[in-house]
Each structure stands twice: as structure tokens, then as C-alpha cells.
Amino acid sequence: TRGVIRVDIAKCIFCGICSKKCPTGAIAVTKDLKVWEIDRMRCISCGYCTDVCPKKCLSQDTEYAPCAYSKHKDTFKSA
């Protein structure tokens with residue numbers, strides 16, 4: 001079952017390969033600010049991002065994303 005994309009932000013090197021390979025443009029990476037964002041309304045859970053991640057910090061859980069009642073991006077920042 002394809003489910004929600006998860007990120008382990010501590011492992012992320014902010015290379016941006018996941019955002020370049022995303023067919024819907026749901027992922028945005030800002031390397032200089034160390035910010036990784038995903039627009040859950042655009043994500044089709046194809047898993048391309050998890051396949052191309054060189055650090056394997058992206059994974060796809062077997063649970064579905066919760067229902068969204070408003071449009072927003074999930075933003076993760078490196079400490």
C-alpha cells in the first residue's frame with residue numbers, strides 16, 4: 001500500500017533531487033535555508049522521491065495521510 005511520505009530531516013542534505021524528480025512538483029527544497037516542504041494536496045504518493053534520495057531520508061509509510069480541510073504545506077527545517 002502506498003501511503004504518506006515521511007522525511008527524517010536530520011539525515012537530509014537538501015540536495016533537491018527529490019523535488020526535481022517529483023512529477024507533480026509537490027516537494028520544494030531550499031538548500032541555503034535548510035528547508036524541505038511537501039504540499040500534501042499535490043502529492044500522488046508515487047514514491048519516486050523515496051527511490052532517488054541519496055541519503056534515504058525519505059520513506060513511504062503504509063498508512064494514509066489524514067484528510068486535509070485546508071491547503072497548507074508541511075515544512076521541515078534543519079536545526
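The legends below describe close-up views of a predicted model. Residues are numbered from 1 along each chain as its sequence is written, and side-chain values use heavy atoms, with hydrogens and water left out. Because the model is predicted, local features need pLDDT of at least 70 and side-chain atom pairs count only at pLDDT 80 or more, while totals for chains, interfaces and linings use all residues.

**View 1. An open sheet of three strands, in the order β2-β3-β5.**
The pairing in this sheet is antiparallel. The edges are held by β2 (27–30) and β5 (73–77); each has a single partner strand, so one side of each is left without a neighbour in the sheet. Neighbouring strands are turned by 15° against each other on average, direction ignored. Strands (E, at least two residues) and helices (H or I, at least four residues) are DSSP runs, numbered from the N terminus. Two strands count as paired if DSSP finds at least two bridges between them. The angles run from 0 to 180 degrees between N-to-C directions, and the axes are lines fitted to C-alpha atoms, for helices over the stretch in contact. Strands of a sheet pair through backbone hydrogen bonds, either parallel or antiparallel.

**View 2. The hairpin of β2 and β3.**
Four bridges join β2 to β3, and the two strands run antiparallel. Within this pairing, I27 stands opposite I38 in β3. Four residues lie between the two strands of the hairpin, and K34 in the turn has a positive phi of about 55°.

**View 3. The pairing of β3 with β5.**
Strand β3 covers residues 35–39 and pairs with β5 in the antiparallel sense over five bridges. W36 stands opposite F76 in β5.

**View 4. The salt bridge between R6 and D61.**
The structure holds two salt bridges, a salt bridge being a side-chain nitrogen of Lys or Arg within 4 Å of a carboxyl oxygen of Asp or Glu. In the one shown here, the side chains of R6 and D61 meet at 2.6 Å, N to O. R6 lies in strand β1 (residues 5–7) and D61 in the loop between β4 (58–60) and β5, so the pair ties together parts that are 55 residues apart in sequence. R6 is partly exposed at 33% relative accessible area, and D61 is partly exposed at 25%. For these classes, buried means under 20% relative accessible area, exposed over 50%, and partly exposed in between (1.4 Å probe, protein chains only). Side chains of opposite charge can pair when their charged atoms come close.

**View 5. The salt bridge between R40 and D74.**
The closest N and O atoms of R40 and D74 are 2.6 Å apart. R40 is in the loop between β3 and α2 and D74 is in strand β5, so this pair ties together parts that are 34 residues apart in sequence. R40 is partly exposed, with a relative accessible area of 22%, and D74 counts as partly exposed at 22% relative accessibility.

**View 6. T50 in helix α2.**
Helix α2 spans residues 48–52. T50 is buried, with a relative accessible area of 13%. Its side chain reaches the backbone oxygen of G47 at 2.7 Å. This is a polar contact, meaning a pair of N or O atoms within 3.5 Å; within protein, one must be able to donate a hydrogen and the other to accept it, and residues adjacent in sequence count only if both atoms are side-chain atoms. Not counting residues up to four places away in sequence, T50 touches I5, K56, L58, S59 and Q60, where contact means heavy atoms within 4.5 Å. K56 is found in the loop between α2 and β4, and its phi is near 55°, a positive value in a residue other than glycine.

**View 7. Cysteines C18 and C49.**
The count of disulfides is zero, a disulfide being a pair of cysteine sulfur atoms within 2.5 Å. The sulfur of C18 has its closest cysteine sulfur in C15, 6.2 Å away, too far for a bond. For C49 the closest cysteine sulfur is in C46, at 6.3 Å, again too far for a bond. C18 is buried at 8% relative accessibility, and C49 is buried at 7% relative accessible area.

**View 8. Loop residues F14 and G25.**
F14 sits in the loop between β1 and α1. F14 has a positive phi of about 55° although it is not a glycine, and at 2% relative accessibility it counts as buried. G25 is in the loop between α1 (17–21) and β2, and is partly exposed at 35% relative accessibility. The C-alpha atoms of G25 and C43 are separated by 8.0 Å, with the two residues 18 apart along the chain.
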